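Please walk me through this structure, one region at a time.

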Amino acid sequence: MNLNKGDFIVSDLVKNLMYKRTNVYEQADEKLMTSIFEFAEDYKEFLDSSKTEREACEYVVNAAKEQGYQPFEFGMQLKPGDRIYYNNRGKNVYLIKIGEENIAKDGIRIVASHIDSPRIDLKQVPLYESDGIALGKTHYYGGLRKYQWTAIPLALHGVVVRMDGSVVPVKIGEDANTPAFYISDLLPHLSAKQNRKALSEAIGGEDLNIWFGNIPYQAAENKEDKTVKNNILKILNEQYRITEADFLSAELSLVPAFKAMDIGFDRALVGGYGHDDRVCSYAAQKAIFDEASDSHTVMVILADKEEIGSEGPTGMQSALFTDLVDALCDSFGVSSAAVRANSKCISADVTAAYDPNFPDVCEKENSVYLSCGAGMMKFTGARGKSGSNDADAEYVGFLRRLFDEYGVIWQTGELGKVDAGGGGTIAKYIANLNIDTVDLGVPVISMHSPYEVISKADLYEMYLAFRAFIQ
Ligand code: MN
Ligand code: MN
């Protein structure tokens, strides 16, 4: 090899001094590839069956029962080897496995993710008719770009609580026998004025009206009763035995009617609704069920209401979390303060993957990339890390050693460039209770859109990371 003046040789030593991300697919052997692809198949089924927090909760509670988990009630005495679940109002679930170690010294290994996703909720008095069309008023849930939710098929999921207290489950638009719903947008031929608006203003909050029907109530005796709205009320009463007033005590959400699908010729990626944060939730519940080792006490939390600030009894700010920790402590006669001081938490939530279509919003060195493993965010927040727990270097160091030991591929990054925007997770609510916490999640493309994309490799590495953390 001829060397010119100024050239230098990068020795192996220098290579070892540099940090480089690892692409999972680049180094995966046949066995790992098979595991990655098989894992994604079950995940896609979960995603299709769990489009709301209620459905995800039901799926996980059923899985827990199959695994022999027992329902927890306050006052129960717990012992090592116990496996319990706590179903909080059908929207938030805790899975707890009591280990052999003394929790006052070893703490609890906590994995916390969320099972709610951005969507479009019906208002409490939704039904109205305009110019021969029956429509439904909505109020969107979570941060979404409103224009993305028009002109796509939507399914209606949720519950209606009747006056007598009976609960009607609703799931319409997911199979060929049921209709879908829709929010209209303008045709390009007539959108000249709309096109001049800012993207954020093109579709307003009160423009997200759902198309419910178009046939008037023909059997009505009076001409003024032959309305499309009346016909919809008749159909709702025939099929669900509900009245218009029953919407007052209903939770009905419009979610994309799409099914999860492989994306790309090589099928490396999965497209679907609600990867945020059901992808981490799925990996977390799978990890606690699959992990046989019994040394640590493990808690998996699948929270609700993360997308609207983690408020309320089913959100991560609920006292239920400390109540359950206290209940564990009471069983073993140890101090809750000691347990929390020695506990460790992975706040498992998705993060924004670097998108070559929109390179401007990311800083390349500190972005997470698709298929390069679970993405750690040492801090989140906005405007100078504001609102972030910013994990200790010591705790990140602990996880580095752990993941290295178990061969977990992970990467680190921030959610976009400094001052480009930002976001938060449930991490701070747990960290504020004196528990070491860091964010680790699957990188997502088009987050909060009706159809998000993740890498199968990242989903699998996330699962491996949880396994390493709890074993
Ligand atoms: Mn999230
Ligand atoms: Mn989110």
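Which strands does helix H8 lie across? Helix H8, residues 228-240, lies across strand E5 (119-130), strand E6 (133-141), E8 and E9, and runs at about 125 degrees to E5. Helices (H or I, at least four residues) and strands (E, at least two) are DSSP runs, numbered from the N terminus. Axes are lines fitted to C-alpha atoms, for helices over the stretch in contact, and angles run from 0 to 180 degrees between N-to-C directions. Contact means heavy atoms within 4.5 Å.

This is a predicted model, in which local features need pLDDT of at least 70, side-chain atom pairs count only at pLDDT 80 or more, and totals for chains, interfaces and linings use all residues; side-chain values use heavy atoms, with hydrogens and water left out. Residues are numbered from 1 along each chain as its sequence is written, while chains are lettered from A and ligands numbered from 1 in the order in which they are written.

The strands named above belong to a sheet. It is an open sheet of six strands in the order E8-E7-E10-E5-E6-E9, and the pairing is antiparallel. Two strands pair if DSSP finds at least two bridges between them. Strand E8 (167-172) and strand E9 (210-213) stand at the edges with a single partner strand each, so one side of each has no neighbour in the sheet. From one strand to the next, the twist averages 30 degrees. Gly158 has Val170 in E8 as its bridge partner.

A helix pair comes next. The axes of helix H3 (residues 30-49) and helix H14 (residues 456-470) come within 9 Å and cross at roughly 90 degrees. That makes H3 roughly perpendicular to H14, because angles of 65 to 115 degrees count as roughly perpendicular, those under 35 as roughly parallel, those over 145 as roughly antiparallel and the rest as oblique. On the H3 side the contact includes Leu32, Phe37 and Tyr43, and on the H14 side it includes Lys456, Leu459 and Tyr463. The residues of this contact divide into 10 nonpolar, one polar and three charged. Here Ala, Val, Leu, Ile, Met, Phe, Trp, Tyr, Cys and Pro count as nonpolar, Asp, Glu, Lys and Arg as charged, and the others, Gly among them, as polar.

Now to strand E18, residues 436-441. Five of its six residues are buried, where buried means under 20% relative accessible area, exposed over 50% and partly exposed in between (1.4 Å probe, protein chains only). Strand E14 (residues 344-347) pairs with E18 in the parallel sense over four bridges, with Cys345 opposite Thr437. Strand E16 (residues 374-377) is joined to E18 by three bridges and runs antiparallel to it, with Gly375 opposite Gly441.

Thr425 is in the loop between E17 and helix H13 (427-431) and counts as buried at 10% relative accessibility. The side chain of Thr425 makes a polar contact with the side chain of Asp439 at 2.8 Å and reaches the backbone nitrogen of Ala427 at 3.1 Å. A polar contact is a pair of N or O atoms within 3.5 Å; within protein, one must be able to donate a hydrogen and the other to accept it, and residues adjacent in sequence count only if both atoms are side-chain atoms. Thr412 lies in strand E17 (residues 410-412) and, at 29% relative accessibility, counts as partly exposed. A polar atom of the Thr412 side chain lies 3.1 Å from the backbone oxygen of Met376.

A few backbone features remain. The peptide bond from Asp276 to Asp277 is cis, with omega near 0 degrees, and Asp277 lies in helix H9 (residues 275-290). Lys305, in the loop between strand E13 (297-303) and helix H10 (320-332), has a positive phi near 65 degrees although Lys305 is a residue other than glycine. Asn434, in the loop between H13 and E18, likewise has a positive phi, near 70 degrees. Lys305 counts as buried at 17% relative accessibility, whereas Asn434 counts as partly exposed at 48%.
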